[in-house]
Amino acid sequence: MKNIPYKIHLSEDEMPKKWHNVRSRMKELPPPIIHPGTGKPCTADDLSPIFCKDLVEQELNVTDEYIDIPEEISDFYKMYRPSPLIRAYSLEKKLQTPAKLYYKFEGTNTSGSHKLNSAAAQVYYAKKQGITSLTTETGAGQWGTALSMACAFFDIDLTVYMVKVSSEQKPYRKGVIETYGAKVVPSPSETTDVGRKILQDAPGTGGSLGCAISEAIETAVKTQNCRYVLGSVLNHVVLHQSIIGMETKIALEKYGIEPDIMIGCAGGGSNLGGFISPFMADKLDGKNNIRFIAAEPVSCPSLTRGRYALDFGDTGKTTPLLMMYTLGNGFIPSPNHAGGLRFHGMSPIISKLYHDGHLEAVALEQKSVFEAAIEFARCEGTLPAPESAHAVRVALDEAVKCKETGEEKTIVFGLSGTGYFDVAAYMAYNAGNLTDYIPTDEDLAKGFATLPQ
């Protein structure tokens with residue numbers, strides 16, 4: 001094997017020119033999106049009033065393994081991509097593990113996360129279609145920040161419904177979104193019919209992504225020449241995020257590195273789905289035996305404690321029905337610092353892979369997550385986002401297991417974003433003010449009661 005540098009950089013010429021569509025290689029596809037009115041699979045005509053035409057085509061495409069990245073999006077990517085694949089030599093030394101640790105770092109842009117990969121694509125297609133304004137939701141604010149950057153670049157108006165508790169915990173994210181010209185509305189709000197109903201039913205609620213999605217969709221449908229865009233969960237978002245996995249695969253193959261374990265944090269599933277996409281496709285064909293691990297918070301454990309069922313993607317029950325692991329569209333997680341990992345459901349792609357046993361999942365308490373984040377920061381010099389730190393926690397745990405067994409495994413994990421907008425959470429941890437809330441069975445039962453019958 002070649003000597004492995006601290007950072008494996010790709011040149012612009014080595015950047016992927018296509019996205020990877022893992023569904024084309026799945027032996028059994030995830031069930032189709034269902035129209036709640038007809039009970040039949042959604043058609044392009046059903047989805048077009050909400051999403052841009054090109055995105056609808058990508059959402060429904062199950063046959064093409066590779067989809068060309070338009071030149072305009074590739075040019076945008078070149079402002080911050082390729083992102084580095086980094087060997088965590090310092091962390092390995094600190095842990096005294098025989099494991100080899102690598103992380104794909106997606107925090108090299110102003111938004112601080114992987115979210116810009118899909119934001120640029122979705123806004124480009126909106127501009128191409130002649131759309132003049134967009135709406136969206138955001139949890140921790142990473143998606144809202146990324147989308148505001150893309151909208152500023154392509155000159156499109158944007159309204160962001162930000163989960164209320166996150167807008168209060170992360171004022172700097174809100175400030176950056178507004179700096180790029182977008183309007184931020186804490187959700188649930190009094191600006192929409194569904195927001196007013198949620199507030200009436202649950203006064204004082206801190207909100208959820210499900211609430212914010214409902215408000216963003218209502219506004220998009222009622223606004224002329226406007227569309228809704230989503231930062232995770234849906235198939236086309238996983239497709240755009242496959243740029244992460246494609247770059248990672250090229251970088252690893254460049255040095256003859258074969259992963260034994262790949263780990264990503266999972267909230268809605270796009271980051272994890274994109275990161276593992278080309279590797280999972282090979283596993284499904286029997287070309288590798290990689291362990292894939294999804295790391296989620298105990299406060300919103302859609303994979304580890306959810307049900308595999310048809311459910312709405314939002315609290316207001318306005319979206320099509322998705323077959324996914326879900327806690328129920330009415331589930332609202334505790335107002336912790338798990339960042340954007342507070343969606344009640346999970347990507348249909350990730351859900352199907354998990355359901356069929358191709359993917360593992362682990363739920364983590366936030367104090368142990370921040371402990372790992374700080375250990376990583378002190379060794380590697382980068383402060384992880386709370387979301388990304390879930391993957392860090394699992395990577396550290398697996399590396400310690402290797403120390404105990406003496407196995408020299410290669411562990412690759414996604415560092416999906418930086419935590420510099422999350423300093424308040426680190427301050428709370430350092431002051432001993434973070435608590436771990438694990439939903440009771442009764443809490444989960446309330447969410448499951450909202451599943452469509």
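Predicted model: local features only at pLDDT ≥ 70, side-chain atom pairs only at ≥ 80, totals over all residues.
Local features need pLDDT of at least 70, side-chain atom pairs count only at pLDDT 80 or more, and totals for chains, interfaces and linings use all residues. Residues are numbered from 1 along each chain as its sequence is written, and side-chain values use heavy atoms, with hydrogens and water left out. Helices (H or I, at least four residues) and strands (E, at least two) are DSSP runs, numbered from the N terminus. Two strands pair if DSSP finds at least two bridges between them.

**The seven-stranded sheet**
- This open sheet runs in the order β1-β4-β5-β15-β10-β11-β14, and its pairing is mixed.
- Strands β1 (7–8) and β14 (360–364) stand at the edges with a single partner strand each, so one side of each has no neighbour in the sheet.
- Inside the order, β4 (residues 85–87) pairs with β5 (residues 100–105) in the antiparallel sense, over three bridges.
- R87 stands opposite Y102 in β5.

**The four-stranded sheet**
- This open sheet has the order β8-β7-β6-β9 and parallel pairing.
- Its edge strands, β8 (183–187) and β9 (226–228), each pair on one side only.
- On average, neighbouring strands are turned by 20 degrees against each other, direction ignored.
- Axes are lines fitted to C-alpha atoms, for helices over the stretch in contact, and angles run from 0 to 180 degrees between N-to-C directions.
- Strand β7 (residues 157–163) pairs with β8 in the parallel sense over five bridges, and V160 stands opposite V184 in β8.
- Helix α10 (residues 209–222) packs on this sheet and touches β6 (133–138), β7, β8 and β9. Contact means heavy atoms within 4.5 Å.
- The direction of α10 makes about 170 degrees with that of β6.

**Helix α5 with helix α11**
- The axes of α5 (residues 116–129) and α11 (residues 235–254) come within 8 Å and cross at roughly 125 degrees.
- That angle makes α5 oblique to α11. Angles under 35 degrees count as roughly parallel, over 145 as roughly antiparallel, 65 to 115 as roughly perpendicular and the rest as oblique.
- N117, S118, A121, Q122 and Y125 in α5 meet α11 residues including H236, V237 and H240.
- The contact has five nonpolar, six polar and no charged residues. Ala, Val, Leu, Ile, Met, Phe, Trp, Tyr, Cys and Pro count as nonpolar, Asp, Glu, Lys and Arg as charged, and the others, Gly among them, as polar.

**Helix α2 with helix α5**
- Helix α2 (residues 53–60) packs on α5 at about 130 degrees, with the axes 8 Å apart.
- This makes α2 oblique to α5.
- K53, D54, L55 and Q58 in α2 meet Q122, Y125, K128 and Q129 in α5.
- Here the classes are two nonpolar, three polar and three charged residues.
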